[in-house]
Amino acid sequence: MATNAHPITVTCTVPTEFIGDRMIVRLPAQASAELPSRGQIAATVTVNDAPYPTVIEPDGRRGHWIPIAEGLRSELDLAAGDTVRLSVEPTKTWPEPDVPEDFSAALADAADLTETWQDITPMARWEWVRWINATKNPVTRDRRVEVGISKLRSGKRRPCCFDLSSCTDPEVAKSGKLVDPER
């Protein structure tokens, strides 16, 4: 059962949009300002009456955006430009991240890290995944997977001191800022 980090619920109505093949919604400035952090926030987001545990992402402009997963998009039959009703409830309970295949394989090959990986918090696991995913360069990515395993072995519980608000998904952000949607 989720424990609320902050007794707030933010509601708004927003259009969906695509950046590349990713559906997102941008929170209006007023809704974003009500949230407890400018960085990532674990939340239960209700989209048109469908609850959806996720992590709200910073947009690099003091605002936030929410990814709309493919399953939810299909369930709600959403297309770009459709308006959705959102109810956002920040929570202390972070959902498990989708660990990318390359990092997952490296963790599986490092059996000595199984207990360490399970012992760190879901928020820390999100940070590891975000750090690995925050590059399009395959050489850099391979290096981050290798360094990640090494850091975990040396007792590091988080990847580094990287800026959580600018170390973002390169598919939807550039230099830490959410890119404009494709027209």
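In this predicted model, glutamate 127 and arginine 158 bring their side chains together in a salt bridge, with 2.8 Å from N to O. Glutamate 127 belongs to helix α5, while arginine 158 sits in the loop between α6 and β7 (173–174), so this pair ties together parts that are 31 residues apart in sequence. The two partners differ in their surroundings. Glutamate 127 is buried, because its relative accessible area of 5% falls under the 20% limit. Arginine 158, at 35%, is partly exposed.

Stay with helix α5 for a moment, and look at arginine 125. Which residue does arginine 125 form a salt bridge with? The partner is glutamate 96, and the closest N and O atoms are 2.5 Å apart. Here, too, distant parts of the chain are linked: arginine 125 lies in helix α5 (residues 122–133), glutamate 96 lies in the loop between β6 (83–90) and α3 (101–109), and 29 residues separate them. Is arginine 125 buried or exposed? With a relative accessible area of 5%, arginine 125 is buried. Glutamate 96, in contrast, reaches 48% relative accessibility and counts as partly exposed.

A further salt bridge takes us to other parts of the chain. Aspartate 112 and arginine 153 meet through their side chains, at 2.8 Å from N to O. If you go looking for others, a search of the whole structure finds 10 salt bridges.

Now for the rings. The whole structure holds three aromatic pairs according to the search. One of them joins phenylalanine 103 and tryptophan 117, whose ring centres are 5.5 Å apart and whose planes meet at 85°, so the pair is edge-to-face. Phenylalanine 103 is in helix α3 and tryptophan 117 is in helix α4, 14 residues apart, and the pair links distant parts of the chain. Phenylalanine 103 has 0% relative accessibility and counts as buried; tryptophan 117, at 9%, is buried too.

Another aromatic pair brings us back to helix α5. Tryptophan 128 and tryptophan 131 are also arranged edge-to-face, with 6.0 Å from centre to centre and 75° between the planes. Both lie in helix α5, three residues apart, which is about one turn of the helix. Tryptophan 128 is buried at 0% relative accessibility, and tryptophan 131 is buried with a relative accessible area of 9%. Tryptophan 131 has a charged neighbour as well: lysine 151 lies over the face of its ring, at 5.4 Å from the ring centre.

Our last stop is threonine 83, which is found in strand β6. Threonine 83 is exposed, because its relative accessible area of 52% is over the 50% limit. Which residues does threonine 83 touch, leaving aside those up to four places away in sequence? They are Thr13, Val14, Pro15 and Asn48. For valine 14, the C-alpha atom is separated from that of threonine 83 by 5.4 Å, although the two residues are 69 residues apart along the chain.

Note on methods
Residues numbered from 1 in each chain as written. Predicted model: local features only at pLDDT ≥ 70, side-chain atom pairs only at ≥ 80, totals over all residues. Heavy atoms only, no water. Salt bridge = Lys/Arg side-chain N within 4 Å of Asp/Glu carboxyl O. Helix = DSSP H or I, 4+ residues; strand = E, 2+ residues; numbered from the N terminus. Buried < 20%, exposed > 50% of the residue type's maximum accessible area, 1.4 Å probe, protein only. Phe/Tyr/Trp six-rings, centres within 6.5 Å; stacked < 30°, edge-to-face > 60°. Lys NZ or Arg CZ within 6 Å of the ring centre and 35° of its normal. Contact = heavy atoms within 4.5 Å.
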